[in-house]
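Me: I would like to go through a structure feature by feature. Please give me the general idea each time, then the case at hand.

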Amino acid sequence: MQGWSKSRIELPETVIMDILSKLPVKSLIRFRCVSKPWCSSFQTPHFISKHHHNNLKNSNLNLLLKRCHGNTRDDIHYFSSLSTEKGKYFSVKENIHLPFFENCWFAPIVSGPCNGLLCVHDRDKVALWNPSTREFKVLPKSSVQRPPNVDFTSYGCLGFGFDSTTDNYKAVRFVTNYFKEDEDGGDLGDWNHQVELYSFNTDSWKEISVPDVQPYDSPLFNNYINGFYYWPAYGDSDYLILSFDMANEKFSTLPLPEFGGALADYYLKLLDFNGSLGAIVYPREGTEKSFDLWVMNGSWTREFSIQSVPGVEKPLGFWKNGELFLEGLNNELVLFDPATNELQNLGIHAYQDTMQPIAYVESLIPINGRSEREERIIRQPAGNTSNRY
């Protein structure tokens with residue numbers, strides 16, 4: 001090799017950062033110790049945004065499944081991380097337990113994802129969670145003043161989203177205050193409503209105006225779409241859709257799609273469908289289900305219909321190529337492909353009505369919380385090849 005000289009090729013820093021922005025969060029966390037400049041670069045808004053955009057562009061989805069195996073207070077809800085690798089599709093990789101919600105009477109509800117972040121809540125307990133960076137932030141208790149003589153307060157619908165005008169994450173929550181009965185007059189107790197808004201930038205809650213209609217129903221899907229959060233709602237005499245603009249912090253209403261039936265006979269669930277507001281409609285009764293998807297593009301149009309799917313109870317969410325997650329009659333997770341009409345039993349079981357698939361894109365967004373280890377969050381590898389637990 002005489003006459004050869006060794007040379008070192010150095011890539012421009014911009015090229016290196018472009019390559020690194022395509023890597024999984026797990027690799028980037030490991031590479032933080034390579035150099036201080038790398039560690040600092042990974043925390044810049046530009047790199048975080050570029051990394052998230054690359055994941056969106058390439059549909060690099062991760063999948064969590066919230067579930068439980070019973071309906072008592074001792075039956076803890078937890079999250080299963082499902083594989084999205086070819087050849088290992090939907091096998092359970094690990095189970096994740098959040099101790100913060102273990103003493104709740106009800107299952108924690110997940111709002112989101114929003115830019116890879118989840119808002120997990122149960123009654124007055126609310127937390128933000130970045131499952132990619134494994135950071136968890138417990139939100140402060142609300143400081144909003146309650147009316148005098150309140151007997152107790154219940155916490156209802158909550159929406160989580162992003163205000164791009166101020167680079168701020170917000171959570172809007174509906175509260176009902178119940179007053180004591182008038183023992184002397186024998187009158188029944190009364191109630192009133194409040195709405196409170198959490199701002200990530202100030203890490204605090206404030207009270208905002210109550211809309212004329214009231215939202216209802218826990219979401220099956222992600223109801224945050226392009227700066228707005230949506231709920232089904234009811235007014236004085238009809239049902240409609242309530243929306244909240246994360247930027248101007250105002251409520252407005254939309255009509256329901258005219259699907260040709262009554263809500264007494266059909267379920268109507270809102271969802272994000274390819275960046276637009278969608279509504280999936282399906283019958284309450286029957287062992288064979290049909291599903292109609294309506295999409296709002298200025299007005300409601302029916303996007304497609306899925307007819308006569310046997311042995312399923314309800315939809316749980318869409319996957320990458322239009323496949324639909326469903327809950328089977330035996331409380332198992334199944335996947336339906338409308339293109340082939342193939343129904344695949346994924347072998348994952350849970351107690352009735354406790355399953356919620358959560359598809360999210362990895363994100364490096366910091367939430368100023370604590371590590372999962374500090375919060376004593378347990379990630380337990382799946383014990384065997386079975387998808388059951």
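Me: Which residue forms a salt bridge with Asp18, and how far apart are the closest N and O atoms?
Reply: A salt bridge is called when a side-chain nitrogen of Lys or Arg comes within 4 Å of a carboxyl oxygen of Asp or Glu. In this predicted model, the partner of Asp18 is Lys22, with 3.0 Å between the closest N and O atoms. Asp18 is partly exposed, at 29% relative accessibility.

Me: Which residue pairs with Lys137 in a salt bridge?
Reply: Lys137 pairs with Asp203, and their closest N and O atoms are 3.5 Å apart. This pair links distant parts of the chain, 66 residues apart: Lys137 sits in strand E7 (residues 135–138), Asp203 in the loop between strand E10 (191–199) and strand E11 (204–208).

Me: What is the N to O distance in the salt bridge of Glu249 and Lys170?
Reply: The side chains of Glu249 and Lys170 meet at 2.8 Å, N to O. Lys170 counts as buried at 4% relative accessibility, whereas Glu249 is partly exposed at 22%.

Me: How many salt bridges does a search of the whole structure find, and which residues are linked in a network?
Reply: The search of the whole structure gives 16 salt bridges. A network of salt bridges links Glu94, Arg134, Glu372 and Arg379.

Me: How many disulfides does the count come to?
Reply: A disulfide is a covalent bond between the sulfur atoms of two cysteines. To be counted, the two sulfur atoms must lie within 2.5 Å. The count here is zero. Cys119, for one, is in no disulfide, and the nearest cysteine sulfur, that of Cys114, is 10 Å away. Cys119 is buried, with a relative accessible area of 0%. Cys68 is also buried, with a relative accessible area of 0%.

Me: How many residues does helix H4 have, and what does H4 reach from its first C-alpha to its last?
Reply: The span of a helix can be set against the value expected at 1.5 Å a residue. Helix H4 (residues 45–57) has 13 residues and reaches 18 Å from first to last C-alpha, close to the expected 18 Å.

Me: Which residues of H4 are buried, and where do they fall when seen down the axis?
Reply: The buried residues of H4 are Phe47, Ile48, His51, His52, Asn54 and Asn55. They line one face of the helix, because they fall within an arc of 155 degrees seen down the axis of H4. Their packing is against H1, helix H2 (25–31), helix H3 (36–41) and strand E25 (356–361). On the other side of H4, the exposed residues are Pro45, His46 and Lys57.

Me: What should I look for in the backbone angles?
Reply: Most residues other than glycine have a negative phi, and most peptide bonds are trans. Ser59, which follows H4, has a positive phi near 50 degrees. Arg134 also has a positive phi, near 60 degrees. Arg134 lies in the loop between strand E6 (125–130) and E7, and is partly exposed at 39% relative accessibility. Asn331 is not a glycine but has a positive phi of about 65 degrees. Asn331 lies in the loop between strand E22 (324–328) and strand E23 (332–337).

Me: Which peptide bond is cis?
Reply: The peptide bond from Gly112 to Pro113 is cis, with omega near 10 degrees. Pro113 is found in strand E4 (residues 109–114).

How values were computed:
Residues numbered from 1 in each chain as written. Predicted model: local features only at pLDDT ≥ 70, side-chain atom pairs only at ≥ 80, totals over all residues. Heavy atoms only, no water. Buried < 20%, exposed > 50% of the residue type's maximum accessible area, 1.4 Å probe, protein only. Helix = DSSP H or I, 4+ residues; strand = E, 2+ residues; numbered from the N terminus. Expected span 1.5 Å × (residues − 1). Arc of directions from axis to C-beta. Contact = heavy atoms within 4.5 Å.
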